[in-house]
Amino acid sequence: SVFYVLFGVGEEGNLDVNDVPLLLVGYGFGASFVALFAQLGGGIFTKAADVGADLVGKVEAGIPEDDPRNPAVIADLVGDNVGDCSARGADLFESIAAEIIAAMILGGSLVKKAGLEDAMGL
């Protein structure tokens with residue numbers, strides 16, 4: 001197991017086996033927290049580019065929104081793409097973290113059910 005190799009779970013003076021669920025929960029919450037801020041950052045970037053393009057186009061130049069004559073429309077479109085990519089990347093990261101946790105739990109359960117003393121016997 002990853003926790004056995006990295007932290008020496010079960011060895012003298014190191015982590016107890018009962019601490020492993022807490023580490024898994026902490027890893028899951030940490031991944032969700034990072035994903036949340038990645039989504040927020042992408043949303044802020046998108047909104048800032050949209051407001052900037054609207055201000056330049058409507059207020060200063062007096063042209064309609066998303067008019068190709070407004071160079072800030074390109075920044076608006078780039079901002080939309082950055083926001084979409086960061087949100088999807090954050091969702092992907094969070095999903096992969098959950099899958100890693102599920103694989104650890106399933107692997108630990110299988111090792112216990114098989115009656116193996118350590119995971120190196122697989």
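Q: What separates Phe-33 and Phe-37 in helix α2?
A: Start with the element. Helices are DSSP runs of H or I with at least four residues, strands are E runs of at least two, and both are numbered from the N terminus. Helix α2 covers residues 20-61. Phe-33 and Phe-37 are four residues apart in it, so about one helical turn separates them. The model is predicted: local features need pLDDT of at least 70, side-chain atom pairs count only at pLDDT 80 or more, and totals for chains, interfaces and linings use all residues. Residues are numbered from 1 along each chain as its sequence is written, and side-chain values use heavy atoms, with hydrogens and water left out.

Q: How many aromatic pairs does a search of the whole structure find?
A: Rings of Phe, Tyr and Trp (its six-membered ring) pair if their centres lie within 6.5 Å; planes under 30 degrees apart are stacked, over 60 edge-to-face, and the rest tilted. The search of the whole structure returns one pair. Its partners are Phe-33 and Phe-37, 4.8 Å centre to centre, with 80° between the planes, which is edge-to-face.

Q: What percentage of the residues of the protein count as buried?
A: Of 122 residues, 22% are buried. Now the surface. Accessible areas come from the Shrake-Rupley method with a 1.4 Å probe; for residues, only the protein chains shown count as cover. The protein exposes about 8500 Å² of accessible surface, and carbon and sulfur atoms account for 67% of that.

Q: How many helices and strands make up the secondary structure?
A: There are three helices and zero strands. From the N terminus the order reads α-α-α.

Q: At what angle do α2 and helix α3 pack?
A: Two packed helices are described by the angle between their axes and the distance between the axes. Axes are lines fitted to C-alpha atoms, for helices over the stretch in contact, and angles run from 0 to 180 degrees between N-to-C directions. Under 35 degrees is roughly parallel, over 145 roughly antiparallel, 65 to 115 roughly perpendicular, and the rest oblique. Here α2 and α3 (residues 72-114) pack at about 170°, with axes 8 Å apart. The two helices are therefore roughly antiparallel. Their contact involves 22 nonpolar, eight polar and five charged residues. Nonpolar means Ala, Val, Leu, Ile, Met, Phe, Trp, Tyr, Cys and Pro; charged means Asp, Glu, Lys and Arg; the others, Gly among them, are polar.

Q: Which residues does Gly-57 touch, not counting those up to four places away in sequence?
A: A contact means heavy atoms within 4.5 Å. Gly-57 lies in helix α2 and is buried at 2% relative accessibility. Gly-57 touches Gly-62, Ile-63 and Asn-70. Pro-68 is eleven residues from Gly-57 in sequence and 10.0 Å from it in space, C-alpha to C-alpha.

Q: With which residues is Asp-54 in contact, leaving aside its neighbours within four places in sequence?
A: Asp-54 is also placed in α2, and counts as buried at 19%. Its partners are Val-59 and Glu-65.

Q: How far apart in space are Gly-89 and Ala-35?
A: Compare sequence distance with spatial distance. Gly-89, in helix α3, is partly exposed at 36%. Gly-89 and Ala-35 are 54 residues apart in sequence, and their C-alpha atoms are 8.2 Å apart. Gly-52 of α2 is partly exposed at 28%. Gly-52 and Val-73 are 21 residues apart, with 9.0 Å from C-alpha to C-alpha. For the whole protein, take contacts between residues at least 6 apart in sequence: 49% join residues at least 24 apart.

Definitions and conventions
Buried < 20%, exposed > 50% of the residue type's maximum accessible area, 1.4 Å probe, protein only.
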